[in-house]
Every structure is written in structure tokens, then in C-alpha cells.
Amino acid sequence: MILPSKHLPQDRALLTVGGHVLTFLARPKTVSALWEELNQQDQGLSATRPRRITYDWFVLALDLLYSLGTIELENGLVARRTA
């Protein structure tokens, strides 16, 4: 029987993906604009950029950032939390 690997590559970890998402939040954006901008970038397998992620993984990263108090949703826009 072949079992899936239990190892999650570092570039797929939610904290890594969340950090990458934060780099696109220099100004507030809608979730869909943030998703499109993230996907338009040529994402290689480098240590600084995670490989292409799915939408559900993107939303999980947003959930994590919101839970940590790093981002907030104001008037339909995702923004970095200032204080």
C-alpha cells in the first residue's frame, strides 16, 4: 500500500504562504484582487516564494493572518492591521 507523505514542504506551510500574501498588502485590496495578483506573479520554487497554491490554501492563510490579528477586513477590503 502506498501512503501519502506526512511531510509538508516549508514553502507550503500556512505561515510561509501568509507571509507571502502580506507582501501584496502594501495597500488595502479586495480578496479577489489579492488572489489574482498572487496568481499573476510567476511563482517559482525558490525559498522566498512558495509554489503555486490553491484558492482554499490561500483562504486558510488569510484565516490564519486574521486570527493572528495581522490583517482585518474593512468595507470589503483586506488590509494590514496597524495597531
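**Exercise 1. How are helix 1 and helix 3 oriented to each other: roughly parallel, roughly antiparallel, roughly perpendicular or oblique?**

Solution. Start with the ground rules. This is a predicted model, in which local features need pLDDT of at least 70, side-chain atom pairs count only at pLDDT 80 or more, and totals for chains, interfaces and linings use all residues. Residues are numbered from 1 along each chain as its sequence is written, and side-chain values use heavy atoms, with hydrogens and water left out.

Step 1: know what to look for. Two packed helices are described by the angle between their axes and the distance between the axes. Axes are lines fitted to C-alpha atoms, for helices over the stretch in contact, and angles run from 0 to 180 degrees between N-to-C directions. Helices are DSSP runs of H or I with at least four residues, strands are runs of E with at least two, and both are numbered from the N terminus.

Step 2: take the values. The axes of helix 1 and helix 3 lie 9 Å apart, at an angle of about 85°.

Step 3: classify. Under 35 degrees is roughly parallel, over 145 roughly antiparallel, 65 to 115 roughly perpendicular, and the rest oblique. Helix 1 and helix 3 are therefore roughly perpendicular to each other.

Step 4: list the partners. Contact means heavy atoms within 4.5 Å. From helix 1 come Leu14, Leu15, Val17, Gly18, Val21 and Leu22; from helix 3 come Trp57, Phe58, Leu60, Ala61, Leu62, Leu64 and Leu65. These divide into twelve nonpolar, one polar and no charged. Here Ala, Val, Leu, Ile, Met, Phe, Trp, Tyr, Cys and Pro count as nonpolar, Asp, Glu, Lys and Arg as charged, and the others, Gly among them, as polar.

**Exercise 2. Describe the contact of helix 2 with helix 3.**

Solution. Step 1: find the elements. Helix 2 covers residues 31-40 and helix 3 covers residues 55-67.

Step 1: take the geometry. Their axes come within 12 Å and cross at roughly 120°. Helix 2 and helix 3 are therefore oblique to each other.

Step 2: name the residues. Val31, Leu34, Trp35 and Leu38 of helix 2 meet Tyr55, Phe58 and Leu62 of helix 3. The count is seven nonpolar, no polar and no charged.

**Exercise 3. Which residues of helix 1 are buried, and what covers them?**

Solution. Step 1: set the cut-offs. Buried means under 20% relative accessible area, exposed over 50%, and partly exposed in between (1.4 Å probe, protein chains only).

Step 1: read helix 1, residues 14-22. Its buried residues are Val17, Gly18, His20, Val21 and Leu22.

Step 2: find the cover. It includes helix 2, helix 3, strand 1 (71-74) and strand 2 (77-80).

Step 3: widen the view. The protein chain has three helices and two strands, in the order α-α-α-β-β. Of its 83 residues, 28% are buried.

**Exercise 4. How many salt bridges does the structure hold?**

Solution. Step 1: apply the test. A salt bridge is a side-chain nitrogen of Lys or Arg within 4 Å of a carboxyl oxygen of Asp or Glu. The structure holds two.

Step 1: take Lys29 and Glu37. Their N to O distance is 2.6 Å. Lys29 is buried at 7% relative accessible area, while Glu37 is partly exposed at 29%.

Step 2: take Arg81 and Glu72. Their closest N and O atoms are 3.9 Å apart. Arg81 is partly exposed at 45%, and Glu72 is partly exposed at 23%.

**Exercise 5. Examine Asn75 and Gly76 in the loop between strand 1 and strand 2.**

Solution. Step 1: check the backbone. Most residues other than glycine have a negative phi, and most peptide bonds are trans. Asn75 has a positive phi, near 50°.

Step 1: check the surface. Asn75 is exposed, at 82% relative accessibility. Gly76 is partly exposed, at 45%.

Step 2: look for partners. Leaving out residues up to four places away in sequence, Gly76 touches Lys29 and Thr30. Gly76 and Lys29 are 47 residues apart along the chain, and their C-alpha atoms are separated by 8.2 Å.

**Exercise 6. How far apart are Ser32 and Leu77 in sequence and in space?**

Solution. Ser32 belongs to helix 2 and is partly exposed, at 46% relative accessibility.

Step 1: compare the separations. Ser32 and Leu77 are 45 residues apart in sequence and 9.7 Å apart in space, C-alpha to C-alpha.

Step 2: turn to the chain as a whole. Among contacts between residues at least 6 apart in sequence, 51% join residues at least 24 apart.
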